[in-house]
Amino acid sequence: KSTTVPNIDTSLDNAEDDDEDDVVDLAANSLLNKLIRQSLIESSHRVEVLQKDPSSPLYSVKTFEELRLKEELLKGIYAMGFNRPSKIQEMALPMMLAHPPQNLIAQSQSGTGKTAAFVLAMLSRVNALELFPQCLCLAPTYELALQTGRVVERMGKFCVDVEVMYAIRGNRIPRGTEVTKQIVIGTPGTVLDWCFKRKLIDLTKIRVFVLDEADVMIDTQGFSDQSIRIQRALPSECQMLLFSATFEDSVWQFAERIIPDPNVIKLRKEELTLNNIRQYYVLCENRTDKYQALCNIYGSITIGQAIIFCQTRRNAKWLTVEMMQDGHQVSLLSGELTVEQRASIIQRFRDGKEKVLITTNVCARGIDVKQVTIVVNFDLPINQAEEPDYETYLHRIGRTGRFGKKGLAFNMIEVEKLPLLMKIQDHFNSSIKQLDPEDMDEIE
Ligand code: ADP
């Protein structure tokens, strides 16, 4: 058997951190989501709206024409391939484009069209003939700022003379330079510096202030306070918009401190369910045994694409090497890769270039690959208290009821971990059947 094992760095085998679960980095995850997103995420829920003035009429739009946008902006939207407003945009755009401007707090999961909405608002309020910053957008990281800037550039392709500037560390502006660009996107620290210390931006002239990814923002030390200092210096007629993918209490508290008299728009996330997933487990003695069981499953059912989850980087690497040596086309997605590398691995997998994706927890969220027919828990997700991690189990295996096709899930379980699996079964009130690895006929 030929052993073509490519450059997989197994040096971590001795590293101390390798038994650690990969830590989830909110900003990196958010960026990854943006890089791999190809289309809008749908939701069957209704948009919930809370108006600051409940007696004022509530407008929603079904087309972009209804918004009476500048010709060149409409052209930009259509050039991006947008036909009609997304669910959240239907409600948010009329508020965001209203006269006089209204403030807005909007929450919906990533991929539902928030960025496109506020970019549209910024572009429609900007005056190309005035050469100073008029719109200010705060983002949690340099990379996320760049992503938003790209959307401005694409949507504003036909808005000649409207330009974007990045207020991010490393973007050095020589002394005495005047910032003539109308839209500034940056991280709170650098923006603060540009406004107060270097006086490059006159906050009293800002018409639209956007705080994007509020949940990631408050997760970073100092960003909330810096954002609030910036907001305090804005004129009262400035439109203030805040977006977040999640809405824990802490985000709410922050949102309400920073956005005066807001309208609020929420779009709930589609719930994951295990209803249309058939779940099995195989009892194993050790890692080698688990691998054997995996091979048996592989040998007996036709598998479209599979995702295999391991608890540690070390296990993931070991399994990758084993499978490659057995001639499988697999790729390994793990926490030490850069976000760009991860995005490219997910893209290749989506394109069907590899049939198997092996990964650790870090990547359980956000990957939504419709053609995946089986999910394998090579290791059960367990938290630090050695208890089952129900949420992660659900994220790995669950599908949204509405779009989900039927799926198969396999758990490779050491005998001593069986009680944990039974807890999972009880928790979700769904049955996980035992499978004899020598006799796969039981799977339909
Ligand atoms: P969010 O900011 O909520 O993560 P985005 O604005 O980045 O969402 O939109 C997610 C994806 O959907 C992007 O690829 C974007 O280009 C696309 N998109 C946004 N609005 C529309 C629309 N109205 N029609 C079609 N695609 C859209």
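**Exercise 1. Determine in which order the seven strands of the open sheet stand, and which strands are at its edges.**

Step 1. In this predicted model, seven strands form an open sheet in the order β12-β13-β11-β14-β16-β10-β17, and their pairing is parallel. Strands here are DSSP runs of E with at least two residues, helices are runs of H or I with at least four residues, and both are numbered from the N terminus. Two strands pair if DSSP finds at least two bridges between them.

Step 2. At the edges stand β12 (330-333) and β17 (432-434), and because each has a single partner strand, one side of each is left without a neighbour in the sheet.

Step 3. Neighbouring strands of this sheet are turned against each other by 20 degrees on average, with direction ignored. The axes behind such angles are lines fitted to C-alpha atoms, for helices over the stretch in contact, and angles run from 0 to 180 degrees between N-to-C directions.

Before going on, note how the model is read: residues are numbered from 1 along each chain as its sequence is written. Because the model is predicted, local features need pLDDT of at least 70 and side-chain atom pairs count only at pLDDT 80 or more, while totals for chains, interfaces and linings use all residues.

**Exercise 2. Follow the bridges from β11 to β14, from β14 to β16, and between β10 and β16.**

Step 1. Strand β11 (residues 305-309) is joined by five bridges to strand β14 (residues 372-377), and the two run parallel; Ile308 has Val376 in β14 as its bridge partner.

**Exercise 3. Find which strands helix α11 and helix α12 lie across.**

Step 1. Helix α11 (residues 313-325) lies across β11, β12 and β13 (356-359), and runs at about 170 degrees to β12. Contact means that the C-beta atoms of two residues, placed from the backbone, lie within 7 Å.

Step 2. Helix α12 (residues 339-350) lies across β12 and β13, running at about 150 degrees to β12.

**Exercise 4. Describe the shell of residues around the ligand.**

Step 1. There are 15 residues around the ligand, of which Phe82, Gly113, Lys114, Thr115 and Ala116 come nearest; a residue counts as near if its C-beta atom, placed from the backbone, lies within 6 Å.

Step 2. Helix α4 (residues 114-125) gives the largest share of this shell, three residues.

Step 3. By kind, the shell divides into five nonpolar, eight polar and two charged residues. Nonpolar means Ala, Val, Leu, Ile, Met, Phe, Trp, Tyr, Cys and Pro, charged means Asp, Glu, Lys and Arg, and the others, Gly among them, are polar.
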